[in-house]
Structure formats: structure tokens, C-alpha cells
Amino acid sequence: MYSVTVRDHMMIAHSFRGKVFGPAQSLHGATFVVDATFRRRALDPDNVVIDIGEATEVLGAVLAELNHRNLDEDPAFTGVNTTSEFLARVVAERLADRIDARGRGLDGIVVTLHESHVAWASYRLDLQ
């Protein structure tokens, strides 16, 4: 399996519902380092998984939709705890849609949101 990973970051504000979240139930900010890994079993006719420049550009565009926003105010997330795990899935699905991942022959996308140097969450979107 081949892979290409690109990295960017985003800053968001949000709050959580539920006692399990303790003080994070209050509005707070989070800065995520975001890794997007594009995977395929065989290289394309140009011997690449995906053009790194395009992957970087698309990741930036997807994150721009979330960056510097209060996710509590986004209608797409009404009633949803926008945890790191949940946001990793959102980013993966938006990447797949934006680049027509299935049409390109990609086998999967893995998105990892690093909350800090000691904690992160990932979502693996299988495309085949």
C-alpha cells in the first residue's frame, strides 16, 4: 500500500454536552495539527498516489471551512459533540468528496487531528 501525507492546521472553538467532558462543556478553543494520508494499492499512470501540491491545496481548502470558527454556531453541527474523532471523519469525508477520491482510484484516506504532542485521534475512510 502506497501513501502520501500532507499536513496543515486549524483553530476552532466549540463546547461539548455531557458530564463526561467536565470543564470542556464550556466554550473553549482548540488548535489541531491535521495530517491527511491518501492511500492506494497501486500507483497511478504517473507513478504517484496523489500530487502533493494538490493534496496540500485541497486539505487547506477543507480546513478553511472550519478554521477560526465557533463550531457551535455552524448549522452542520447542531446537536453534535464535535470531538476530535468526529472532526477527523468530517475532514476525511470532505476531502474524499472534494477530490473525487473514488474516481481517482484511491483506496482510502486517513485523517489525524493532533490535539497536542501527546494526544491525537484518527479516522480511516475506506474507499474501495
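1. Surface. In this predicted model, the chain exposes about 7000 Å². Of the 128 residues in the chain, 44% are buried.

2. Charge. The side chains of the chain include 13 that are positive and 18 that are negative. The centres of these two sets are separated by 6 Å.

3. Secondary structure and overall dimensions. Two helices and five strands make up the secondary structure of the chain. Read from the N terminus, the order of elements is β-β-α-β-α-β-β. The chain has a radius of gyration of 15 Å, close to the 14 Å that the globule rule gives for 128 residues, so the chain is as compact as a globular protein of that length. The C-alpha trace spans about 50 × 30 × 25 Å along its principal axes.

4. Contacts along the sequence. Among the contacts in the chain with a separation of 6 or more, 67% are between residues 24 or more positions apart.

5. Aromatic pairs. The structure contains two aromatic pairs. One of them joins F77 and F86 in an edge-to-face arrangement, with 5.9 Å from centre to centre and 80 degrees between the planes. The description as edge-to-face follows because planes over 60 degrees apart are counted in that class. Both F77 and F86 are buried, so each has under 20% relative accessible area.

Key:
Residues numbered from 1 in each chain as written. Predicted model: local features only at pLDDT ≥ 70, side-chain atom pairs only at ≥ 80, totals over all residues. Heavy atoms only, no water. Phe/Tyr/Trp six-rings, centres within 6.5 Å; stacked < 30°, edge-to-face > 60°. Buried < 20%, exposed > 50% of the residue type's maximum accessible area, 1.4 Å probe, protein only. Helix = DSSP H or I, 4+ residues; strand = E, 2+ residues; numbered from the N terminus. Rg over C-alpha atoms; globule rule 2.2 N^0.38 Å. Contact = heavy atoms within 4.5 Å. Areas by Shrake-Rupley, 256 points an atom, 1.4 Å probe, with all protein chains shown as cover. Lys, Arg positive; Asp, Glu negative; His and termini not counted. Charge placed at Lys NZ, Arg CZ, Asp CG, Glu CD.
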